[in-house]
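Welcome, and please take a moment to look over the sequence and the 3D structure below. The notes that follow walk through strands, helices, cores and ring pairs in turn.

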Amino acid sequence: MEKEYVRCQIEEGMAIVTIDNQAALNALNQPTLTQLDQTFAALAKNQDVKGVIITGGGEKSFVAGADISEFNQVKGDTAASFMGRGQRIFDRIEAFDRPVIAAINGFALGGGNELAMCCDIRIAAENAIFGQPEVNLGIIPGYGGTQRLPRLVGPGKAKEIIFADERINAQEALRIGLVQRVVPKGQAVEEAKKLLKKIMSKGPVAIKMVKKAVNEGLAMSLRGGQDLEALCQSVCFSAEDKDEGARAFLEKRPANFKGK
Ligand code: CO8
C-alpha cells in the first residue's frame, strides 16, 4: 500500500490538511501531489466542510519544496508536462470554492512557498522561512512561483527573492505582504482555525463570490473585473443568504446562513 503523505482531519466544519513526510521536511513528491489533489477532490464533494487549512507535519517545516530526489525522472522534453501537472493541482486548490488558509509552521521553500501562495490567506509561525531556492539547482520555480510571487509582492521583490535566493523570515514576509499574520511558533493552525471560524460565520454564498471576484478579477482589466463583481453580486442577491442577512440585522440577532 502507498504511504500516506497527506492527512485530512475534519472538525467543526473545518478540514485540516497536513502534508506529512517529515523525514524529507514534507517535500512534495509525486504521490504527495496526487494525494493532495485527491483530498481536495473529496473535500469539494463534502458540503459539510466550510473551509480548509493546509499545514505541514511537525514543527520544522511547512513544505521544503518539490522532492529533489525525483529530479532525475524529469528531462527537457518531459519537464513542461511534469510542471503542468503540479500547476494544475495548485490551480484547483486556488479555485476551491470555499476559503483555504495556509498555516505555515516552518520552511516554505520552492514548491512549499508556491503551495502557500495558492491559498487565500497565509498565517506564518514566527519560525517560518520563505524562499524560492530553485536557481541553486539550476532551474526555475515550476509550480506557479514566477507568476504568483510577483502578483503578491511586486516584480522587483519577486525577482530579488528568486534571482538571489533571498530567504525571508516571517516578519519580513508580513512586511512585504507575502503573509497576513505572524504568530508564535506552534500557533499557526490555532490562529488559522480562529480566523476560519470567523469567516464561516459570514454568508457562505458571499464568501464564495468574493473569492471568485478577487481571484478571477486579478487577471482582468479594472472594467472587466468590475463587471465580474456585478455578476457575482447578482448571485448574492438571488440567494436566500441575502434575505436572512438583512432580516437578522433588522431583528438584531446573528444571521443563520444556509449557504443557499
Ligand atoms: N527534497 C527532498 N529532500 C529534502 C528536501 C527536498 N526539497 N528538503 C529537505 N530534504 C531532506 C534532506 O535531504 C534531509 O534528508 P536526509 O536526512 O535523508 O539527509 C532531510 O530532508 C532534512 O534536511 P536537512 O538535513 O537538509 O535539514 P536542515 O535543517 O539542515 O536544512 C533546509 C533545511 C534548508 C530546508 C534544507 O533541507 C534545504 O535546503 N532543502 C531544499 C530546499 C529546496 O531547495 N527546495 C526547492 C526544491 S525545487 C522546487 O521546489 C521547485 C521545483 C519544481 C520542479 C519539480 C520537478 C520534480
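**A first look**

Strand β6 (residues 107-109) and β8 run parallel, joined by three bridges. This is a predicted model, in which local features need pLDDT of at least 70 and side-chain atom pairs count only at pLDDT 80 or more, while totals for chains, interfaces and linings use all residues. Residues are numbered from 1 along each chain as its sequence is written, and side-chain values use heavy atoms, with hydrogens and water left out.

**Strands and sheets**

- Helices (H or I, at least four residues) and strands (E, at least two) are DSSP runs, numbered from the N terminus.
- Two strands pair if DSSP finds at least two bridges between them.
- An open sheet is built from four strands in the order β4-β6-β8-β9, with mixed pairing.
- The edges of this sheet are β4 (61-63) and β9 (168-169), each with a single partner strand, so one side of each has no neighbour in the sheet.
- Elsewhere, β5 and β7 run parallel and are joined by four bridges, with Ala102 opposite Arg122 in β7.
- Strand β10 (residues 181-183) pairs with β7 in the parallel sense over three bridges, and Ala125 stands opposite Val183 in β10.
- Strand β7 (residues 121-125) is mostly covered, as four of its five residues are buried; buried means under 20% relative accessible area, exposed over 50%, and partly exposed in between (1.4 Å probe, protein chains only).

**Nonpolar cores**

- A nonpolar core is a set of buried Ala, Val, Leu, Ile, Met, Phe, Trp, Tyr and Cys residues joined through side-chain atoms within 4.5 Å.
- The largest nonpolar core has 43 residues, and Val52, Ile54, Leu115 and Phe130 touch the most other members.
- Helix α1 gives the most to this core, with four residues.
- Another core lies apart from it and has 13 residues, including Met14, Ile16, Ile123 and Leu196.
- Contact means heavy atoms within 4.5 Å.
- Leaving aside neighbours within four places in sequence, Val52 is in contact with residues including Phe40, Phe96, Val100 and Leu196.

**Aromatic pairs**

- Rings of Phe, Tyr and Trp (its six-membered ring) pair if their centres lie within 6.5 Å; planes under 30 degrees apart count as stacked, over 60 as edge-to-face and the rest as tilted.
- By this rule the count comes to two aromatic pairs.
- Phe40 and Phe96 make an edge-to-face pair, at 5.3 Å centre to centre with 90° between the planes.
- This pair links distant parts of the chain, 56 residues apart: Phe40 is in helix α1 (residues 30-45), and Phe96 is in the loop between α2 (76-94) and β5 (100-104).
- Phe40 and Phe96 are both buried.
- Phe90 and Tyr143 have ring centres 5.5 Å apart and planes at 65°, so this pair is edge-to-face.
- Phe90 lies in helix α2 and Tyr143 in the loop between β8 (129-131) and α4 (145-153), so the pair ties together parts that are 53 residues apart in sequence.
- Phe90 and Tyr143 are buried.

- The expected span of a helix is 1.5 Å times one less than its number of residues.
- Helix α7 (residues 188-200) has 13 residues and reaches 18 Å from its first C-alpha to its last, close to the 18 Å expected.
- Among the buried residues of α7 are Ala188, Glu191, Leu195 and Ile199.
- Helix α8 (residues 204-217) has 14 residues that should span 20 Å, and its end C-alpha atoms are 19 Å apart, which agrees.
- In α8, the buried residues include Val205, Met209 and Ala213, and the buried residues of this helix pack against α2, β5, α9 (222-237) and α10 (240-250).
- Met209 counts as buried at 10% relative accessibility.
- Not counting residues up to four places away in sequence, Met209 touches Cys232, Val235 and Cys236.

**Two positive phi values**

- Most residues other than glycine have a negative phi.
- Asp165 has a positive phi, near 45°, and its place is in the loop between α5 (155-163) and β9.
- Asp165 is buried, with a relative accessible area of 13%.
- Lys252 also has a positive phi, near 55°, and lies in the segment after α10.
- Lys252 is exposed, with a relative accessible area of 77%.
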